[in-house]
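Reader: Please take a close look at one part of this model, the surroundings of the ligand. Begin with a helix, then work through the site.

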Amino acid sequence: MDSILVTGGNRLEGVIPISGAKNATLPLMIASLLTDEELVLENVPHLADVESLIRILTNHGVDYHVHGKRRGNNGKSGRTIAFRAKEIVDTTAPYELVSRMRASFWVIGPLLARMHHAKVSLPGGCAIGTRPVDLFISSLEAMGAKIKVEGGYAVADAPDGLHGAHFKFPKVSVGATHVAMMAATLAHGTTVLENAAREPEVVDLANCLIAMGAKITGAGTSTINITGVERLHGATHRVLPDRIETGTYAMAVAMTGGDVLLKGAEAPLLQNALDALSEAGVEIEERNDGIRVSRNSETLKSVDVTTEPFPGFPTDLQAQFMALMTQAEGDTHITETIFENRFMHVQELARLGADISLEGQTATVHGGRPLKGATVMATDLRASVSLVIAGLVADGETRINRVYHLDRGFENLEQKLSACGAKVERVSN
Ligand code: UD1
């Protein structure tokens, strides 16, 4: 199994190209199940999660082809992939495929809408909390589905198709919003989703569905209206830039000091996190071609954050921000409100010498202590990258084991950081 070796001490200078967003790519790929025509997605990142989802989609009967290298593209990032679900031959998403990644459960929406039946294994994914599926089930039931959970599978039927419904999510869920929105595009009548997730990836999915012929208004607000149509058609859609990757590299630069252009990044996608960085003393410049991040001051100020649904501070940047705050002056309070078990990186950061105390959902980082390289373990996707960031300033060598988590969500991580002067390499054990 591979490890990542990081040798700390170098500033970051240069350009990091930002990839297409993983969290948009996955629901967009799943949307291909809604039509028998071709859905072409541009700017698809090379990630293990994309490959896992391809295996699931092909099992349902989806054909796909990857466009070849094009002029101006080095072939290492941003692929164009065409998906075509001409005929769905299997409405079961089996445990062996779904258990690797939670988002694969989301096929339940399109399968039910188009085929009126779906049998989908209950999901796996990062171990960051219990992550139930009740919101998916209740929203689809509101649209007329009958759903039983048996033998580890959700079995859903809607023999006469789904119908429009008025549904208010009791809690904001990105995945359940994606699924209910996709399902409603082919339902009879109008669906109103209240307390919907407002994440940019929901807007990206809605834009793609609209290009496919769906009638959707209000995506990006907490009330989304969808009027069902008879059928959807093919479309070409470009995946939006990854705001979590953007925030992660911005925090890496904040950590090491230096000056980096995050090419293709869009500030409004992560304004809250950028504001926290500015408050900490990092310079953020919004430009036409991306975001320039620099830190030349010696000190970082501590900034308290609480994770919240968009537009609040993203839970997917919490671990990285915690790594950064280990180098800030004084105490920082970081409160996690989205997932109940998303502090697994605390004990790994402690191995590097960080002083962090935990009480309930709040971590207090006692900043300003120097970090020292050690062997640590990646526990989930975002936690693993927080260890890389910490390693960038730790004295000596940090070895991060179990890096398959990183490969799920960060395209060319070592290459992107190395190109800016970091010492990061992948080694096979
Ligand atoms: C998505 C993102 C993930 C991010 C998360 C929150 C993808 C592929 N993943 O995950 O990176 O961390 O949003 O921004 O886009 N919940 C329920 N019942 C449900 C569904 C969810 O109680 O049926 C709870 C979850 O346990 C969690 C909260 O709702 O506490 C938010 O989860 P949700 O927004 O659904 O996260 P995901 O869509 O899985």
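**A covered helix and the ligand site**

In this predicted model, helix H10, residues 318-325, is mostly covered, with eight of its eight residues buried. Among them are the nonpolar residues Phe321, Met322, Leu324 and Met325. Gln318 and Gln320 are buried as well, and both count as polar. Ala319 and Ala323 complete the buried set.

Now the ligand. The shell around the ligand has 19 residues. Asp134, Ser173, Val174, Asp316 and Ile338 are the closest. By class, the shell holds nine nonpolar, four polar and six charged residues.

Take the polar contacts next. Two of the closest residues, Ser173 and Asp316, reach the ligand through their side chains. An N or O atom in the side chain of Ser173 is 2.6 Å from a ligand oxygen. For Asp316, a polar side-chain atom also sits 2.6 Å from an oxygen atom of the ligand. Leu135 uses its backbone: a polar atom there is 2.7 Å from a ligand oxygen. The protein buries 91% of the 740 Å² that the ligand exposes when taken alone.

Which elements give two or more residues to this shell? They are helix H5 (134-142) and helix H6 (174-185). H5 gives the most, with three residues.

Where does the ligand lie relative to the domains? Domain 1 covers 2-18 + 241-428, and domain 2 covers 22-238. Both give residues to the shell, so the ligand lies between them.

Notes: Residues are numbered from 1 along each chain as its sequence is written. This is a predicted model: local features need pLDDT of at least 70, side-chain atom pairs count only at pLDDT 80 or more; totals for chains, interfaces and linings use all residues. Side-chain values use heavy atoms; hydrogens and water are left out. A residue is near a molecule or strand if one of its heavy atoms lies within 4 Å of it. A polar contact is a pair of N or O atoms within 3.5 Å; within protein, one must be able to donate a hydrogen and the other to accept it, and residues adjacent in sequence count only if both atoms are side-chain atoms. Accessible areas come from the Shrake-Rupley method with a 1.4 Å probe; for residues, only the protein chains shown count as cover. Helices (H or I, at least four residues) and strands (E, at least two) are DSSP runs, numbered from the N terminus. Domain bounds come from an automatic or database domain assignment. Buried means under 20% relative accessible area, exposed over 50%, partly exposed in between (1.4 Å probe, protein chains only).
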